[in-house]
Amino acid sequence: MNAGLIASYVIAGIILVSMLMMNMRVSNSSVELTLTQLTREKTSTVTDMIYDDFPNMGYNLTSTTNSILTIADSNRIQFYRKLDKFSAGNPELITWELTNEPVTETQNPNDVILRRTVEVNSTTEVTDINLGVTRFRIWYFDEFGLSTLPEDGEFLPTPVGAAKRDSVRQIYIALELQSPEPLNIGFTGNSRYIRSGWEKRFSPGNLAN
């Protein structure tokens, strides 16, 4: 066979492989961007709920609730707050808990249900948050906690017992969500899940009363 013809086949093959690899990179970048945006939006949905609940713990119409924190554990917290600011009635008992129940609607084996429960007047409303939560960790600080991050120490050991719960002044939450589907990496067959993390330290005003 003509050497020039063989060389042209080789060059054409190299160009074809290069084009395929470039198309795969573009496709992976597009998928990664979509999964990243989707995971961030889901994270924002969960944090909006947290921002509404945690700063308002202990809130009642005319004063603080008689009791505020009733459970203070690393993956579970329970407290009283009044949800409706325009009507009288008993305050609600709010529970946030990271369960061990997997989210069956996704391919991700790491995501579990984050559950928010509202109890008042013998009625219970359960909201299962199945948006890809893989971590929901809580730290508790007393009035002498001066550190900025939990890793700096000075946080209360969990679960915080009844005798210590009244000393809680600040609550630090770390949240992580992962994408429901994996992102494939090139021709290697490897894959990974897109992660979105969020951390916040709250100082609910009613805990200082």
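**Entry 1: Arg81 and its partner**

I began with Arg81, which is buried at a relative accessible area of 2%. This is a predicted model, and I read every value below as such. I looked for the partner of Arg81 and found a salt bridge to the side chain of Asp52, at 3.0 Å from N to O. The pair links distant parts of the chain: Arg81 sits in strand S2 (residues 76-81) and Asp52 in helix H1 (residues 3-53), 29 residues apart. Asp52 is partly exposed, with a relative accessible area of 41%.

**Entry 2: Asp53 and Arg116**

I moved on to Asp53, which forms a salt bridge with Arg116; their closest N and O atoms are 2.7 Å apart. This pair also links distant parts of the chain, with Asp53 in helix H1 and Arg116 in strand S4, 63 residues apart. Asp53 is buried at 0% relative accessible area. Arg116 is buried at 12%. Which residues are linked with Arg81 in a network of salt bridges? I noted Asp52, Asp53 and Arg116.

**Entry 3: Arg76 and Glu97**

I counted 7 salt bridges in the structure. One more I checked joins the side chains of Arg76 and Glu97, at 3.6 Å from N to O. Arg76 lies in strand S2 and Glu97 in strand S3, so the pair ties together parts that are 21 residues apart in sequence. Arg76 is partly exposed at 31% relative accessible area, and Glu97 is partly exposed at 28%.

**Entry 4: the sheet**

I traced an open sheet of 5 strands in the order S1-S2-S3-S4-S5, with antiparallel pairing. Strand S1 (69-72) and S5 are the edges; each has a single partner strand, so one side of each lacks a neighbour in the sheet. The twist averages 20° from one strand to the next.

Why is S4 largely enclosed by the rest of the structure? I found 8 of the 9 residues of S4 (residues 112-120) buried, so the strand is largely enclosed. S3 (residues 92-102) runs antiparallel to S4, and 7 bridges join them. Pro102 stands opposite Val112 in S4. S4 also pairs with S5 (residues 123-129) in the antiparallel sense, over 7 bridges. On that side, Val118 stands opposite Glu125, and Val120 has Thr123 as its bridge partner. The hairpin of S4 and S5 has 2 residues between the strands, and Asn121 takes a positive phi near 50° there.

**Entry 5: the largest pocket**

I put the largest pocket at about 230 Å³. It has 14 lining residues, and Asn66, Ser67, Ile68, Leu69 and Asp166 are the closest to its centre. Helix H2 (162-165) and strand S7 (168-178) each supply at least two lining residues. I sorted the lining into 5 nonpolar, 6 polar and 3 charged residues.

Notes:
Residues are numbered from 1 along each chain as its sequence is written. This is a predicted model: local features need pLDDT of at least 70, side-chain atom pairs count only at pLDDT 80 or more; totals for chains, interfaces and linings use all residues. Side-chain values use heavy atoms; hydrogens and water are left out. Buried means under 20% relative accessible area, exposed over 50%, partly exposed in between (1.4 Å probe, protein chains only). Helices (H or I, at least four residues) and strands (E, at least two) are DSSP runs, numbered from the N terminus. Two strands pair if DSSP finds at least two bridges between them. On a 1 Å grid over the protein atoms alone, a cavity is a set of points where a 1.4 Å probe fits but cannot get out, and a pocket is an open set with protein on both sides within 12 Å along at least five of seven lines; lining residues have an atom within 4 Å of a point. Grid points are joined across faces, edges and corners, and a volume is the space filled by probe spheres set on the points. Ala, Val, Leu, Ile, Met, Phe, Trp, Tyr, Cys and Pro count as nonpolar, Asp, Glu, Lys and Arg as charged, and the others, Gly among them, as polar. Axes are lines fitted to C-alpha atoms, for helices over the stretch in contact, and angles run from 0 to 180 degrees between N-to-C directions. A salt bridge is a side-chain nitrogen of Lys or Arg within 4 Å of a carboxyl oxygen of Asp or Glu.
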